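Before reading on, please take a moment to look over the sequence and the 3D view.

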Amino acid sequence: MTPELGPLALHLGLVLAIYAIVTSLVGVWWRRRDVIASGEHAAFAVWGCVIVAAATLLHALSIHDFRIEYVAAYSSSTLPLYYTVAALWGGQKGSLLFWLVILTSITAIVELQNRHRNRELMPYVTAVLMGIATFFLLMVVFITPPFEALAVPATEGRDLNPLLQNYWMTIHPPSLYTGFVGMSVPFAFAMAALATGKLGDTWIRSTRRWTLFAWFFLSLGNLFGALWAYEVLGWGGYWAWDPVENAAFMPWLTGTAFLHSVMIQEKKNMLKVWNMVLVILTFSLTIFGTFLTRSGVISSVHSFTQSGLGPFFLSFLAIVLVVSLSLLIWRLPLLRSENELDSLLSRESAFLFNNLILVGIAFAVFWGTMFPVISEWVRGVKITVGPPFFNRVNAPLGLVLLFLMGVGPIIAWRRATWAHLRRSFAWPVSVGIVGGIACLALGGGNYWSLVAFSLIFFVLGTISAEFWRGMRARQIMLGESAPLALLRLTVKNKRRYGGYVVHLAIVMIFIAITGTSVFRQEKQVTVNQGERFEIGGYTLQYNGLEERDTPHISYLMANVGVFSGDRQVDTLKPEKRFYKKPEQPTTEVAIRSTLGSDLYLVLGSYDEDTHMATILAYLNPLIGFLYWGGATLAFGTLIVIWPAPLAAREPAYAAAPEAREGTQS
Amino acid sequence: MPLLLALLLLLLQGPASAAPAPSFQEIEESLTCQCGCGLTVHSCNHLQCGSALPLRQEIREQMAKGLGKDEILGYFQQKYGEKILSSPTTSGFNLAAWVMPFALLLIGVGFVTVTLRRWQRRGVHPPPLRDVAAPPSGAPRTAMERQLERELRELDE
């Protein structure tokens, strides 16, 4: 595979993508099916071109073709194979190509799925998706060409940044990108709905799984990023409100709002305009996030090296916003829905407030991220908006969200009466109060943790009540055993009960956040060989330094015995790594995870002659819930997203909203 | 009622009125490390960090003088500029950083409430045209409404 193939494929892809846009739109205009079909075929061809280009780059990476600048900059001949593959998204240029791989693959799947469906929408969907692809192709062809050759071929590569040489590197960026790019599908269908005027919930139903798919990967991408930071950055935390983290978090927030508000449109035919706004906002935030990471406007540890991409991304974002909002305004008269409501005390309003809070948090994050730039414009003074700001502003909002998560699922649609409220909320509220007090009695803490744990138990009460009621109903009416009833209940109402499993996951993540932010312990000690110190019930004994050498890295480890009482339960070896190419030291933490807490050790400074070492020890209570919450979230989303058996599919669509709602008790 | 107000006031300014000497960690967390890590001085753990280590030393020196938190932070702001503070101050333009999210959220709450009320009016009353046609004598209609509501409620529960 010669490297010349890459640029050739990308140029061809660009031409074909533009061709696909033009034929799709012209085909509609001329009412010519063959022209529209030609556009769709071109979309497949674009996918082929991008795959060829990506394969060429991967091949160049794998044979260490250091004539290519990108290969020389992000890999080396000693880099292990899986990081060599990961180098495809390790740098600016490659990652844009990788982005295109995901985007065009998704486009190809969408085209395949809709060969016989949504025929009126599809030309526009093709045009929008190919429009996005055109932008990225323009970038990789003209601005950041990944196949650029070096004037003088390098004899050896500069290697992948050591901080990126971590197993999360192989899964975090792909998840996040898939989440970002996946949001293009609901956006494209929304635009198609606006363009054609077919504004019912067809576009929402057709993209429901895609939205969930994107949300799933976006959630995992965020969580993987947090765990990566936790394991690599070595400051004991997992979320620093860094601009790049915020960039990934904002579309997740608005995407979550969208997932909830579409339910209202499907059931009540309300909020049509709002759903359009949310889908536009979510897609725009994915582009804005990409801009933040790649433009160098805001400094961040994770950002790519500076490049001239910023203005292009901003222009693209402006085009996206102008076109989509113009379409929306043009269609406003058609979108006016017969919104009506019986009472402020209803699930509809709980959903609306949930949306408000989610968008509110997204705005707070946006505002905090951009405020240094705004401050510099207005006052000419550089300021910092760091983690303390985000924590203080978002903590109360997060708790309100948690509260609404306990209310939404059990408050009645249309109108909740006081009698109904008393009946449904007696159990969750009692659980919340008892749980909150129990936590205070057991673990101490402050006002924040009292409120947080009360709300956490309140939501757990809500979720358990929902499962219990559904299960009892099946037990009584159908005579099923408890486990069978629970299983069938979930399988037959995947959307509803899978959703509750996701709620459970979010509660678990809240438990982790509360535990680590309120109950965390930390200690910094400078110790001699053999010396002991204590943290959170553990006694740690420092046994001295150990060394190990490989061609790629040399290691220096502190051997620390972990004792619980008199019994040694573990040996932890926090280490310093010295990468040989580029010469750079990194810190590798050592973690002992138990259900209740993580013991997290970092080797600070050390003296190789005296073997004296400074060790930072953190005890992070309840952080295990972050891992388990992530797994539960994945499980719950899979339940929701799992396709119904073919036979059951049509009736489900034809059924009345109430019947779809699920088991009634 | 006055008692309640007094309690609330006490709660609000509880920590401030007690004015204990600031803890080392508190100051560390209020300052940003200048090494480019983007973390607070407390969180930066770079080996021999050229910024966090001297800053920590400086915090110790200032604390040794027995200064309060505001004075110490004032000292750092004077010396290194505002960017050393890990969150915006609460005066002048910086106030916007703190207020904006909540202000917009309040506006949002107001907007949603008003919208919901408008929808509610639409939901409870029949369309205005019919309203004019039928005198609002009410009694039979509300009875029917009640029944409808009951049935709907039963359907939803």
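## Where the chains meet

How many residues of chain B are in contact with chain A? In this predicted model, 39 residues of chain B are in contact with 50 residues of chain A.

On the side of chain B that touches chain A, the elements that give two or more residues are helix 6 (95-124) and helix 8 (139-156) of chain B, and the largest share, 14 residues, comes from helix 6 of chain B. Sorted by class, this side of chain B has 18 nonpolar, 13 polar and eight charged residues.

## A sheet in chain A

Chain A has an open sheet of four strands, with the order 1-10-9-8 and antiparallel pairing. Strand 1 (521-527) and strand 8 (590-593) of chain A each have a single partner strand, so one side of each is left without a neighbour in the sheet, and both stand at its edges. On average, and with direction ignored, neighbouring strands of this sheet are turned by 15 degrees against each other.

Strand 1 of chain A runs antiparallel to strand 10 (residues 613-621) of chain A, and seven bridges join the two. Thr526(A), for example, has Thr614(A) in strand 10 of chain A as its bridge partner.

## Confidence in chain A

The mean pLDDT of chain A is 88, and 95% of the residues in this chain reach 70 or more. Over residues 650-665 of chain A, however, the pLDDT is below 50, although this stretch has 17 contacts in the model beyond near neighbours in sequence. Where pLDDT is low, the predicted coordinates should not be read in detail.

Terms used. Residues are numbered from 1 along each chain as its sequence is written. Chains are lettered from A and ligands numbered from 1 in the order in which they are written. This is a predicted model: local features need pLDDT of at least 70, side-chain atom pairs count only at pLDDT 80 or more; totals for chains, interfaces and linings use all residues. pLDDT is the predictor's confidence in each residue, from 0 to 100. Two residues are in contact if their C-beta atoms, placed from the backbone, lie within 7 Å. Ala, Val, Leu, Ile, Met, Phe, Trp, Tyr, Cys and Pro count as nonpolar, Asp, Glu, Lys and Arg as charged, and the others, Gly among them, as polar. Two strands pair if DSSP finds at least two bridges between them. Axes are lines fitted to C-alpha atoms, for helices over the stretch in contact, and angles run from 0 to 180 degrees between N-to-C directions.
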